[in-house]
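This report describes selected local features of one protein chain. The sequence and the three-dimensional structure are shown first, and the description follows.

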Amino acid sequence: MFINIRLNTTCNLSCDHCYNNFFWDKKSSPNIADKIIYFFEKNKIMPNHIYIHGGEPLLPSMYIDLSKIIFFFKNYNTYIEIISNLTIPIDDKILSLLKKC
């Protein structure tokens with residue numbers, strides 16, 4: 001099973017061609033990772049492949065939610081891909097997290 005997870009709708013850019021311009025807001029849903037994890041645990045389903053996208057999932061404000069999701073799905077050997085505009089500087093903390101994907 002393949003799943004797309006929109007982690008947030010917040011982005012550091014505002015590209016004319018981006019489909020997210022229709023969903024643009026400045027706030028992320030609080031505890032979005034907990035809600036996503038709860039959904040999969042409650043329904044007892046587990047994808048074998050997920051795309052994490054947004055907005056921009058690598059924004060510093062999304063680090064905790066992103067790391068929760070990555071660690072949760074890696075426990076089930078889920079293949080994880082992250083869609084990013086790659087304009088966020090990748091520090092050692094983010095790099096370490098991305099290596100787990």
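This is a predicted model: local features need pLDDT of at least 70, side-chain atom pairs count only at pLDDT 80 or more; totals for chains, interfaces and linings use all residues.

Ile3 and Ile5 point to one face of β1 and are buried.

Strand β1 runs parallel to strand β2 (residues 49-53), and five bridges join the two. Within this pairing, Arg6 has His53 of β2 as its bridge partner.

## Helix α1

Helix α1 comprises twelve residues, 32-43. The distance from its first C-alpha to its last is 17 Å, close to the 16 Å expected at 1.5 Å a residue.

The buried residues of α1 are Ile32, Ala33, Ile36, Ile37 and Phe40. They lie on the same side of α1, because they cover an arc of only 135° around the axis. On the face of α1 turned away from the buried side are the exposed residues Tyr38 and Lys42.

How many salt bridges are counted? The count comes to one salt bridge. It is formed by the side chains of Asp34 and Lys68, with an N to O distance of 3.1 Å. The pair links distant parts of the chain, since Asp34 belongs to helix α1 and Lys68 to helix α2 (residues 63-74), 34 residues apart.

Both partners fall between the limits for buried and exposed, which are under 20% and over 50% relative accessible area. Asp34 counts as partly exposed because its relative accessibility is 35%. Lys68 has a relative accessible area of 32% and is therefore partly exposed.

## Loops and positive phi angles

Ser29 is located in the loop between β1 and α1. With a relative accessibility of 33%, Ser29 counts as partly exposed. Ser29 and Thr87 are separated by 58 residues in sequence, and their C-alpha atoms are 22 Å apart in space.

Lys44, which is not a glycine, has a positive phi of about 50°. Lys44 is placed in the loop between α1 and β2, and its relative accessibility of 75% is why it counts as exposed. Leu86 also has a positive phi, near 55°, in a residue other than glycine.

## A nonpolar surface patch

Which residues make the nonpolar surface patch? Leu86, Ile90 and Leu95 make this patch, which has an area of about 280 Å².

Leu86 is found in the loop between β3 and α3. Its relative accessible area is 64%, so Leu86 is exposed. Ile90 is likewise found in the loop between β3 (79-82) and α3 (92-99). At 39% relative accessibility, Ile90 counts as partly exposed.

Terms used
Residues are numbered from 1 along each chain as its sequence is written. Side-chain values use heavy atoms; hydrogens and water are left out. Patches are made of residues with over 30% relative accessible area and no salt bridge: like charges are joined within 9 Å, nonpolar side chains (Val, Leu, Ile, Met, Phe, Trp, Tyr) within 5 Å. Accessible areas come from the Shrake-Rupley method with a 1.4 Å probe; for residues, only the protein chains shown count as cover. A salt bridge is a side-chain nitrogen of Lys or Arg within 4 Å of a carboxyl oxygen of Asp or Glu. Helices (H or I, at least four residues) and strands (E, at least two) are DSSP runs, numbered from the N terminus. Buried means under 20% relative accessible area, exposed over 50%, partly exposed in between (1.4 Å probe, protein chains only). Two strands pair if DSSP finds at least two bridges between them. The expected span of a helix is 1.5 Å times one less than its number of residues. The arc is that of the directions from the helix axis to the C-beta atoms.
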